[in-house]
Amino acid sequence: MVADLTQADCLRVPAQSLEKPSSNMEVTALQVEQLGLQLDGKVILQDVSFSLPTSGVTSVIGPSGAGKSSLLRCLNGLLTQWSGTVLVDGADSRQWRGGWDRLRRHVGLIAQKPVVFDASIRANVCFGIHGWRQRRRADELVEISLRQAALWDEVKDRLDAPAATLSVGQQQRLCIARAVAIKPAILLLDEPTASLDPRSKQLVEQSMQRLARDIPLLCVTHDLEQAQRLAGRTIFMCDGRVIEEGESNQLFSQPECIETREFLRWSVCDCN
Amino acid sequence: MNSQHLLARDTISKGIVWLLAVPALLIPTIVLCYIFWQAAPVLDWGFIVGTTDGAGFGVSDGIFAQLLGSLLLAVMACAIAAPFALGTALYYRTYASPRQQRLLTAMFNMLQGIPPIVFGLCGLVVLVNLFAWGVSLISGAVVLAMVVLPLLVLNTLATLERIPHGYTEAGMALGLGNGAIIGRLWLPRSWLNLLTGVLLAMARALSETAPIMFTATVFSGVVWPDSLFSPVTTLQTHIFYLAQESNDPQVISIAWGSAAVLVLLVASLGVLARLLYKLGED
């Protein structure tokens, strides 16, 4: 029956109802319900609904301008003028205790372009930790975070060197370590390997898979092969809407919607 | 159109640009050369570090007291204005609505266009007379602070706007509040450029004569202010007095010497500001 769905049917049916929820989906780290966003009168996101399991990687794919990055920024609270409901660990993100700043510590975000602060590698890792005393005593946390980001071996002998001296790939992993150091419950990544060489890309993916054992990762990517490599789940977005979501293996091998099939085949999406 | 025509047109346009640009470069150069040529007879180390006993309007002694008076007024004006400028710029960047931002920008652009003598008049009425601070160092410093405030605010805003948005966003993504963003990201990154703005504001304060003429300075009887509420003597008003009141060529030479020192002081601040700016950009 699903295979017979037309393009219009695919868009009418809420993405979540396209498949039976699996058992590990019952407990969710993040639940998004009918999320909508307009910026300067332009609709960026509409009726976006999905949920994140308590661990594992969920990739978000889709053409440029689909609203993927805006989605992450809404979830992290960098954009706040959205409508709908975002439940983080069952609590409404708008009512989060401590406000948006506290929510951002709970839902970490790593941007596409690595941004390191004008400080040492060590200071960068500790940057998000509250209190200068805690930052000074964070040696163990620095090592753990850098190991999680697959960067420890490369920088352990020069932790006091300026972070700007690292390569772009290393800087991206440093950003991951910095985000991990504040122990977020959910980590959002916006095309984290977009500007990296193959070796750095591989290391970042390893780091992501290591992190995904403990916390849920929501990763926006243009790289369809990467989404398949990361396995887990995949959400396909187009024109501000979730078109289809499911287990990555299934979505890539047997996409249910015609838009998904077109996108996977020709990297284009015409969902209007 | 053949290549000869194109070449001729290019030459003509080059010529027009040169004709327009040369006076703008030549006139200030001639003026500077003339100032230093006139100042040459009196310009020596003794002239700069020599002090007067306070009497005789300083027509025969050095200008050290005037030089320090000018610097003191400029430093105090910037010390008063800089925190307010920083606060205003930070409010603009963090809390102000777009409407408030438009209003603030328009207001400071307008304030920058107000003739400094108007600030001087306000200072005379409010500070000197109403508050009974008298003609004093503090009255002059506050008036000069008002004069340089718009420049400092606009410069601070420009400095903060040069911080990449991604830099701020990376801090916000770590859950840093506005205080931490300002204190741990913005200020450490932009303090050199902020200092550049303060130096430029000092240069501007050193260039102002009108607002301090009837709020801070006297022409004679003062070497060094005893307190914040004492009058001060400055290079600007010293030049004004000597040039206006005397026909003695020696005295006029002292006026030229004072002008040359003032020009050097302002130029040094400009060069230092430029160096700091370049350092900040690197």
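Student: What pattern does chain B follow, read along the sequence?
Tutor: In this predicted model, chain B reads α-α-α-α-α-α-α-α-α-α-α along its sequence. That comes to 11 helices and zero strands.

Student: And what does the C-alpha trace of chain B span along its principal axes?
Tutor: The span is about 65 × 65 × 35 Å.

Student: How much of chain B is made up of buried residues?
Tutor: Chain B has 282 residues, and 40% of them are buried. As for its contacts, take those between residues at least 6 apart in sequence: 76% of these join residues at least 24 apart.

Student: Switching to the contact between the chains, how many residues does each one bring?
Tutor: Chain A contributes 17 residues and chain B contributes 12 residues. On the chain B side, the elements giving two or more residues are α7 (165–173) and α8 (178–207) of chain B.

Student: Which element gives the most on that side of chain B?
Tutor: That would be α7(B), with six residues.

Student: How do the chain B residues that touch chain A divide into nonpolar, polar and charged?
Tutor: Seven are nonpolar, three are polar and two are charged.

Student: Okay, chain A now. In what order do the six strands of its open sheet come?
Tutor: The order is β6-β7-β8-β3-β9-β10 in chain A, with mixed pairing. At the edges stand β6 (107–110) and β10 (241–247) of chain A; each has a single partner strand, so one side of each lacks a neighbour in the sheet.

Student: By what angle are neighbouring strands turned against each other?
Tutor: On average by 20°, ignoring direction.

Student: What packs on that sheet?
Tutor: Helix α9 (residues 198–211) of chain A does, touching β3 (56–61), β7 and β8 (216–220) of chain A. The direction of α9 makes about 145° with that of β8(A).

Student: Which strand do five bridges join to β1 of chain A?
Tutor: Strand β4 (residues 83–88) of chain A; β1 covers residues 28–39, and the two run antiparallel. Here Gln31(A) has Leu87(A) in β4(A) as its bridge partner.

Student: What stands opposite Leu87(A) in β5(A)?
Tutor: Asp92(A) does. Strand β5 (residues 91–92) of chain A runs antiparallel to β4(A), and two bridges join them. β4(A) and β5(A) form a hairpin with two residues between them, and Asp89(A) in the turn has a positive phi of about 50°.

Student: One more element: which residues are buried in helix α6 of chain A?
Tutor: In α6 (residues 139–148), the buried ones are Val142(A), Ser145(A), Leu146(A) and Gln148(A). These cover an arc of only 155° around the axis, so they lie on the same side of α6(A).

Student: What covers those buried residues, and what is on the face turned away?
Tutor: The cover includes α4 (121–126), α7 (152–155), α8 (168–181) and α9 of chain A. The face turned away from the buried side carries Asp139(A) and Glu140(A), which are exposed.

Terms used:
Residues are numbered from 1 along each chain as its sequence is written. Chains are lettered from A and ligands numbered from 1 in the order in which they are written. This is a predicted model: local features need pLDDT of at least 70, side-chain atom pairs count only at pLDDT 80 or more; totals for chains, interfaces and linings use all residues. Two residues are in contact if their C-beta atoms, placed from the backbone, lie within 7 Å. Helices (H or I, at least four residues) and strands (E, at least two) are DSSP runs, numbered from the N terminus. Ala, Val, Leu, Ile, Met, Phe, Trp, Tyr, Cys and Pro count as nonpolar, Asp, Glu, Lys and Arg as charged, and the others, Gly among them, as polar. Two strands pair if DSSP finds at least two bridges between them. Axes are lines fitted to C-alpha atoms, for helices over the stretch in contact, and angles run from 0 to 180 degrees between N-to-C directions. A residue is buried if 20 or more other C-beta atoms lie within 10 Å of its own, exposed if 12 or fewer, and partly exposed in between; C-beta atoms are placed from the backbone. The arc is that of the directions from the helix axis to the C-beta atoms.
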